[in-house]
Amino acid sequence: MITSSPALRRTSAVGLALAACLGAVPTVTATAAAPTASKSGAPLDRYYDQRLGWGSCAKGPGDSTGRDLDKAGVQCADVTVPLDYAAPRGRTITVAISRLKATDTRHRIGSILLNNGGPGGKALESPPEFHAWMKKTGPRYDIVGFDPRFVGRSTPLDCGWSVGTNIFSAGLSRASFERQVAQQKDLAAKCRATNASVLPHVTTRNTARDMDVIRGALGEKKISYFGYSYGTYLGTVYTQMFPGRTDRVVLDGAVDPRKFGPRLLQTAVGENEQALADWAAWAAARNDTYGLGRTRAQVLATIDHIIKTSARGPLTVGTAPETFPLDDTQVPFILLAGVDSDTDTSRATLAEQVSVLNKAAAGQPTRLSPIFAATLRLAMTGEQSHHGSVQSAVICGDKAAPRDPEVYWRDIERSRAAYPRFGALVNNIGPCAFWDRPREEPTRVKHDAKVLIVSATGDPRTAHKGAVALHGLLPSSKLITLKGANRHAIYGLYENACVDNGVNQYLATGKLPANDQTCSKQAGQP
């Protein structure tokens, strides 16, 4: 749900619930048990004991990201892992990692592994910014970013979609829902046609196994970990599959692991409606700038008008040669992507985009900002097909979804009154309804773990109640709550000193706070 790319950071925040469906627990087929250690003579030893070839991150003269990492002192390597841990002598793939080594070697703590969420978020680029956020503690860690299997610079996966996400609304009518059924079925078919041999192995549990291979290849007995959003679920899974192998673990924007699956975003539908209403109040106070209405109710009425107009015929936004037709299945995605944060900058960005939509609904010509154009390209074209492909593969590979479209339609119809803008989105059908059933059961929390959980009370992606639930499942954990913020992913990104200092204190000392903590928004934050 978080990526290091500014162009993707806003839209990827909706990626955690890429598919809009949820199903029963899948059946289990034969799969590898979690490895317990290297040096055992087992087939996995060659992966744990591999010697990493650290070198330049730049892949060529046009690789600006790699050059920036090189300038920051980061080195990169590829870790070889088995595609199928049940067949470790079979096909292998590579996982790309980066490392900013500790400079305070006298007080070195160890390695910390980063995950930016998604699923499908890259973290290869992240060590320099984390080093800055960690302040005095940063030089004491080897800060390690990685692109999970099939993401970024790791062995790729791309289903050749004509869109970059499958998060769309069912729209206002049965006809628009039926079009969604056909589209989502086609997305699943494209993945099966292009990547059938690897899809069963694109799962969170296999990514956790890759993490443990990375730990071994780094020569660490224990590894620290920081995960945002989906990365909190991945981190939880790792603690359960490999108990005793973590040092300091921070889970920011935490997921209730029992709820993770294709319909996860259902759990935050109320938070999204509330975040949109709060944004509407902000926009109403700036009606002279955006012209969307002078009250919260008027702004929300403007949004409803835009959606209804787009249902009668697609709105055309942009100028030639780059224009986009947006209907009532796509407009709610724009709203969802825009309410992931309550900062003035984020709210202004959404207000500018809704102003464009409002002009288009009136038949007026429109111009797109670079951010809006990037959002639309990501969602509505195949430019980021690999992004949506991997997200769907992980979510659908982790948990099965209902097969019957009528299940979704009934939920959509029931949700419209209470959740008029997002009910038809979070309950919409997705590709998981047409995916092959997962090979493994979802991970169940059976082991306690000393982790630090961070959450905002108004988080519109991974609802705060999910963080509270995870805290209850892990009795030795501690929870830092940011009160009153409609914000997903806090540490470093939201610039809240209370949260940042609490996390850094834990990373420096390894000691969780004695009690749960509550932070407040600072002056200058909405």
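A charge is taken to sit over a ring if NZ of Lys or CZ of Arg is within 6 Å of the ring centre and within 35 degrees of the ring normal. The legends below describe close-up views of a predicted model.

**View A. Arginine residues over tryptophan rings.**
R99 lies over the face of W54, with a distance of 4.1 Å from the ring centre. A second case is formed by R174 and W409, where R174 lies over the ring face at 5.1 Å from the ring centre.

Nine strands form an open sheet with mixed pairing, and their order is β1-β2-β4-β3-β5-β6-β9-β10-β11. The edges are taken by β1 (residues 75-82) and β11 (residues 517-520); each has a single partner strand, so one side of each is left without a neighbour in the sheet. On average, neighbouring strands are turned by 20 degrees against each other, direction ignored. In general, strands of a sheet pair through backbone hydrogen bonds, in either a parallel or an antiparallel manner.

**View C. The pairing of β5 with β6, and helix α7 across the sheet.**
Strands β5 and β6 run parallel and are joined by five bridges. Y228 has D252 of β6 as its bridge partner. Helix α7 lies across β3, β4, β5 and β6, and runs at about 150 degrees to β5.

S229 is found in the loop between β5 (residues 223-228) and α7. Its phi is positive, at about 55 degrees, although S229 is not a glycine. S229 is buried, with a relative accessible area of 0%. Helix α7 also holds Y230 and Y233, which are three residues apart, about one turn of the helix. An α-helix has 3.6 residues a turn, so residues three or four places apart point the same way. Both Y230 and Y233 are buried.

The whole structure contains 14 aromatic pairs. One aromatic cluster is formed by F130, W133, F226, Y228 and Y491.

**View F. Buried residues of helix α17.**
In helix α17 (residues 464-473), the buried residues are H464, G466, A467, A469, L470 and H471. The elements that cover these buried residues include the helix α7 (230-241) and the strands β6 (246-252), β9 (452-456) and β10 (478-483).

G118 and P119 are joined by a cis peptide bond with omega of about -5 degrees. P119 is found in the loop between β3 (residues 110-115) and α4 (residues 127-133). Another cis peptide bond joins A320 to P321, with omega of about 10 degrees. P321 belongs to the loop between β7 (residues 315-319) and β8 (residues 322-326).

**View H. The backbone at K135.**
K135 is located in the loop between α4 and β4 (residues 141-147). Its phi is near 55 degrees, a positive value in a residue other than glycine. K135 counts as exposed because its relative accessibility is 52%, and the exposed class begins over 50%.

How values were computed:
Residues numbered from 1 in each chain as written. Predicted model: local features only at pLDDT ≥ 70, side-chain atom pairs only at ≥ 80, totals over all residues. Heavy atoms only, no water. Buried < 20%, exposed > 50% of the residue type's maximum accessible area, 1.4 Å probe, protein only. Helix = DSSP H or I, 4+ residues; strand = E, 2+ residues; numbered from the N terminus. Contact = heavy atoms within 4.5 Å. Phe/Tyr/Trp six-rings, centres within 6.5 Å; stacked < 30°, edge-to-face > 60°. Pairing = 2+ DSSP bridges. Axes fitted to C-alpha atoms, helices over the stretch in contact; angles between N-to-C directions.
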